[in-house]
Amino acid sequence: MSECSAFPASPAGEPEFRYVAGMHGNEVLGRELVLNLMQYLCSEYKRGDQRIVHLVKETRIHLLPSMNPDGYEMAYKKGSELAGWAFGRYSYEGIDMNHNFADLNSVMWDAMERETDKSKLINHYFPIPEYYTSEEAFVASETRAVISWMKSIPFVLSANLHGGELVVTYPFDMTRDWAPHEHTPTPDDSFFRWLATVYASTNNVMSNPDRRICHYDDFMRHNNIINGANWHTVPGSMNDFSYLHTNCFEVTVELSCDKFPHVSELPIEWENNKESLLIYMEQVHRGIKGLVRDKDTGAGIADAVIKVDDIDHHIRSVVGGDYWRLLNPGEYEVTASAKGYYPVTRMCRVEYHHYPTLCDFHLPKTLKQRLLDILAKGGKIPKSVKQRLHQLRMRAGAHTINRHRARERRARAFRR
Ligand SMILES: [Zn+2]
């Protein structure tokens with residue numbers, strides 16, 4: 001009930017979560033785990049398991065078991081023993097979907113190098129470049145479909161399930177100067193490391209100190225997590241795209257040494273990953289959430305920008321004014337701003353437990369916006385607004401004159 005009173009404008013008020021598996025069609029374990037997770041959530045919900053009931057009631061969960069069904073079919077025909085490293089990895093057109101998203105990292109880093117006025121730089125919601133949206137662009141239909149899905153639902157958290165290693169990687173996935181690998185953190189590095197740690201430390205195989213390494217890399221030395229770009233650079237990855245184009249945070253989970261485990265191994269693999277899959281979903285309830293509203297009318301404001309302290313990455317409110325900002329415990333100065341409103345700043349404190357801090361914002365409309373609203377309705381401007389505008393104009397005028405005089409004085413002093 002407290003949820004209802006906290007979110008009257010949006011009875012749902014639930015964050016959106018997604019798991020995406022099988023973008024590499026031959027890495028099949030993710031697909032099987034996600035299918036099993038669907039069944040598990042339904043049966044446990046019906047049974048009344050309190051943890052699952054809570055999770056399902058508080059979260060909108062989206063599960064995509066197979067992003068690359070064509071690749072899966074190819075690998076499946078060969079079978080577990082013969083599928084190999086790459087067979088079935090690509091789409092039927094030969095596209096590797098994890099290199100196929102718009103490279104917004106380059107857009108961002110190029111702008112940082114070119115722009116001398118740092119205040120003009122954006123740090124979130126990077127637009128998709130034109131070349132990428134053209135009909136001829138080499139973009140898989142599966143990638144296009146997932147991008148439009150990402151744009152239609154305001155996801156907060158996601159994981160991208162792969163196989164062939166045992167490690168959780170977090171953005172950025174791409175290095176800045178095309179180095180083959182280099183540590184390339186996002187402004188949200190500490191939260192991403194937390195997310196990766198949550199999965200890795202609860203996975204039965206990863207967390208086993210006696211396990212053997214899969215191939216060459218010893219990820220156990222780093223607690224089974226690594227910055228994606230520090231492992232190997234991936235331009236156009238889904239994780240980087242999520243972070244730079246939308247509000248959504250996403251990590252990659254490499255679920256098992258074997259990309260195509262035998263069917264007899266599935267029950268034990270489910271047990272290995274069950275807790276990790278659940279606890280990772282619960283992380284969508286960390287940080288702060290709330291509503292951004294118009295102070296006068298109480299109406300929710302969509303597309304308001306939420307800025308946190310000195311984290312150089314903003315997120316935005318969604319339709320209805322709801323927002324979710326994933327954060328580690330701590331005390332933060334949070335500012336909400338929107339076009340036509342004066343920004344509001346308040347302190348929001350994030351605790352250690354599994355539910356977010358409520359942090360609502362009530363933004364007052366700017367005087368200019370009030371005037372525009374009145375004019376748009378064809379009404380007369382009230383006396384109070386007229387007077388206030390007059391005062392502001394006088395003050396601005398005096399300010400300009402004073403500045404002009406000061407400049408003259410300095411120039412004279414210089415000439416002497
Ligand atoms: Zn993969």
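**Values and cut-offs**

Analyst: The unreviewed UniProt entry lists Glu254 for "active site". Note that the model is predicted. In the model, Glu254 belongs to strand β6.

User: Why is glutamate 254 called buried?

Analyst: A residue counts as buried if 20 or more other C-beta atoms lie within 10 Å of its own. Glutamate 254 has 24 C-beta neighbours inside 10 Å, so it counts as buried.

User: Which residues is glutamate 254 in contact with, leaving aside its neighbours within four places in sequence?

Analyst: They are His162, Gly163, Gly164, Glu165, Leu166 and Val167. Contact here means that the C-beta atoms of two residues lie within 7 Å.

User: What makes isoleucine 153 partly exposed?

Analyst: Isoleucine 153 sits in the loop between α7 and β3. The partly exposed class lies between the limit for exposed, 12 or fewer neighbours, and the limit for buried, 20 or more. Isoleucine 153 has 15 C-beta neighbours inside 10 Å, and therefore counts as partly exposed. Leaving aside neighbours within four places in sequence, isoleucine 153 is in contact with Glu16 and His62.

User: Tryptophan 178 and asparagine 224 are also in loops. Are they buried or exposed?

Analyst: Tryptophan 178 lies in the loop between β4 and α8. With 10 C-beta neighbours inside 10 Å, tryptophan 178 counts as exposed, because the limit for that class is 12 or fewer. Asparagine 224 lies in the loop between α8 and β5.

User: Which peptide bond is cis, with omega near -5 degrees?

Analyst: The bond from proline 171 to phenylalanine 172. Phenylalanine 172 is in the loop between β4 (167–170) and α8 (189–202).

User: How do you know that helix α10 is mostly covered?

Analyst: Helix α10 covers residues 238–245, and eight of its eight residues are buried. Among them are Met238, Phe241, Tyr243 and Leu244. What covers the buried residues of α10 includes helices α5, α7 and α9 and strands β3 and β6.

User: What makes both faces of strand β1 count as covered?

Analyst: Glu16, Arg18 and Val20 on one side are buried, and so are Phe17, Tyr19 and Ala21 on the other. In total, six of the six residues of β1 (residues 16–21) are buried.

User: How do you know that β1 pairs with β2 and with β3?

Analyst: Two strands pair if there are at least two bridges between them. β1 and β2 (residues 60–64) have five bridges and run parallel. Six bridges join β1 to β3, also in the parallel sense. Phenylalanine 17 stands opposite isoleucine 61 in β2, and glutamate 16 stands opposite phenylalanine 155 in β3.

User: Why are β9 and β12 called edge strands?

Analyst: Four strands form an open, antiparallel sheet in the order β9-β8-β11-β12. The strands β9 (315–316) and β12 (344–350) each pair on one side only. Two bridges join β8 to β9, and the cut-off for pairing is at least two. In that pair, isoleucine 306 stands opposite isoleucine 315.

User: How is the whole chain divided into domains?

Analyst: The domain assignment gives domain 1 (2–285), domain 2 (288–365) and domain 3 (369–415). The C-alpha centres of domain 2 and domain 3 lie 30 Å apart. Overall, the chain has 13 helices and 14 strands, and 38% of its 416 residues are buried.

Key: Residues numbered from 1 in each chain as written. Predicted model: local features only at pLDDT ≥ 70, side-chain atom pairs only at ≥ 80, totals over all residues. UniProt positions renumbered as here; feature names shortened; annotations may be inferred. Domains from an automatic or database assignment.
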